[in-house]
Number of protein chains: 2
Amino acid sequence: MRYAYVQPFVDSAQRILAEAVPGRIVAGDLRLSSAALPSRGVTAIVGVTGEGEGRVLFDMDRETALRIASAMNGEPFHELDQLAKDTLCELAGMMTGKAVSALNDGGHRLRVTPPTLFTGENVSISGGELEALVVPLETPFGEIAVNVAIATC
Amino acid sequence: MRYAYVQPFVDSAQRILAEAVPGRIVAGDLRLSSAALPSRGVTAIVGVTGEGEGRVLFDMDRETALRIASAMNGEPFHELDQLAKDTLCELAGMMTGKAVSALNDGGHRLRVTPPTLFTGENVSISGGELEALVVPLETPFGEIAVNVAIATC
């Protein structure tokens, strides 16, 4: 996987989050992710096609997801109902949309799918042989892991 | 969503399954799927971009997944280890690859991502406002639901 694909997704997520919720968003260190990884409970997945193929995950625990949906809607959520899920899908869509615009403005040719949100218990995510890189984003509401696995075609 | 996108995914899944595992594969009736749907436990997701955007899900319960992985590998699987998961990803990749080839040969312009597999308990899948159509495929090993949500761009 090309490292060049990762940073724009992290930068865009950081910027969109900084606009969407109050407080400072701090990016942690980049690390390799194993082929099969456990979900924290709430995962938005966005598919990527074009000159590279793969997917981007935004992974967080349930409490973080509830706090972010609450902050974005200006009302407290105590369960992940449809509005909370739609809010998190919208957030993931904004983050990936901004990243792909930046990448394509820089000469890349990538397209993304709309986000799909998976929630559950003991969820494991597996993606064949795709190598993934992950950067944690620390927010005042909890951590969101940005996990990027894009192979050059 | 255009109905024209659905049938090729169902036909290809049926044909690939008929080659991959013994016994008859019977397609059930098409029905609308709700925006948020429960997973049966094992879900492969493939993203779609191009003239239409969305995702295709292949959803089955754990026992069906284990039986299919066992039949495809010629050895019994008792847990969803990495080889079993890779087998199911490969199956999903073949099913969507064949479908998109057929669609594009017919004049459509679609691309698909590699599959990602989600397994877990009480998993719920939500995709914003995408309308989905689902066809169950009855196999000797259990049912696989082919769930297609592709919006025309």
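Biologist: How many residue pairs are in polar contact across the interface of chain B and chain A?
Modeller: Keep in mind that this is a predicted model. A pair is counted here if both residues are at pLDDT 80 or more. Across the interface of chain B and chain A, that leaves a count of 14.

Biologist: Which element gives the largest share of the side of chain B that touches chain A?
Modeller: Several elements of chain B supply at least two residues each to that side, including β4 (41-50), β5 (52-61) and α3 (82-105). β6 (110-112) and β7 (116-126) of chain B are also among them. With 11 residues, the largest share comes from β7(B).

Biologist: And how does strand β7 of chain A run against β7(B), parallel or antiparallel?
Modeller: These strands, one from each chain, are joined by 7 bridges. Along the pairing, A:Glu121 stands opposite B:Glu121. As for direction, the two strands run antiparallel.

Biologist: Why do the copies meet through the same surface?
Modeller: Start with the superposition: a rotation of 180° with 0.0 Å of shift along its axis puts chain B on chain A, at an RMSD of 0.0 Å. The copies are thus related as by a two-fold rotation axis. The contact takes 35 residues from chain B and 35 residues from chain A. The surface is the same because the share of chain B's interface residues that are also interface residues in chain A is 100%.

Biologist: Which three residues supply more of the area that chain B buries against chain A than any other three?
Modeller: Chain B and chain A bury about 2700 Å² between them, with 53% of it on carbon and sulfur atoms. Of the area chain B buries against chain A, 21% is down to one trio. Those residues are B:Arg111, B:Phe118 and B:Ser126.

Biologist: Which residue forms a salt bridge with B:Arg111?
Modeller: Side chains of opposite charge can pair when their charged atoms come close. Across the interface of chain B and chain A there are 2 salt bridges. In the one with B:Arg111, the closest N and O atoms are 3.6 Å apart, and the partner is A:Glu53.

Biologist: What about A:Arg40, which residue does its side chain meet in a salt bridge?
Modeller: A:Arg40 sits in the loop between β3 (36-38) and β4 (42-50) of chain A. Its partner lies 103 residues apart from it, in strand β9 (residues 142-152) of chain A. N to O, the gap is 3.0 Å, and the partner is A:Glu143.

Conventions. Residues numbered from 1 in each chain as written. Chains lettered and ligands numbered in written order. Predicted model: local features only at pLDDT ≥ 70, side-chain atom pairs only at ≥ 80, totals over all residues. Heavy atoms only, no water. Least-squares fit on C-alpha atoms with pLDDT ≥ 70 in both. Contact = heavy atoms within 4.5 Å. Buried area = accessible area lost by both parts, 1.4 Å probe. Salt bridge = Lys/Arg side-chain N within 4 Å of Asp/Glu carboxyl O. Polar contact = N/O pair within 3.5 Å; in protein donor to acceptor, adjacent residues only side chain to side chain. Helix = DSSP H or I, 4+ residues; strand = E, 2+ residues; numbered from the N terminus. Pairing = 2+ DSSP bridges.
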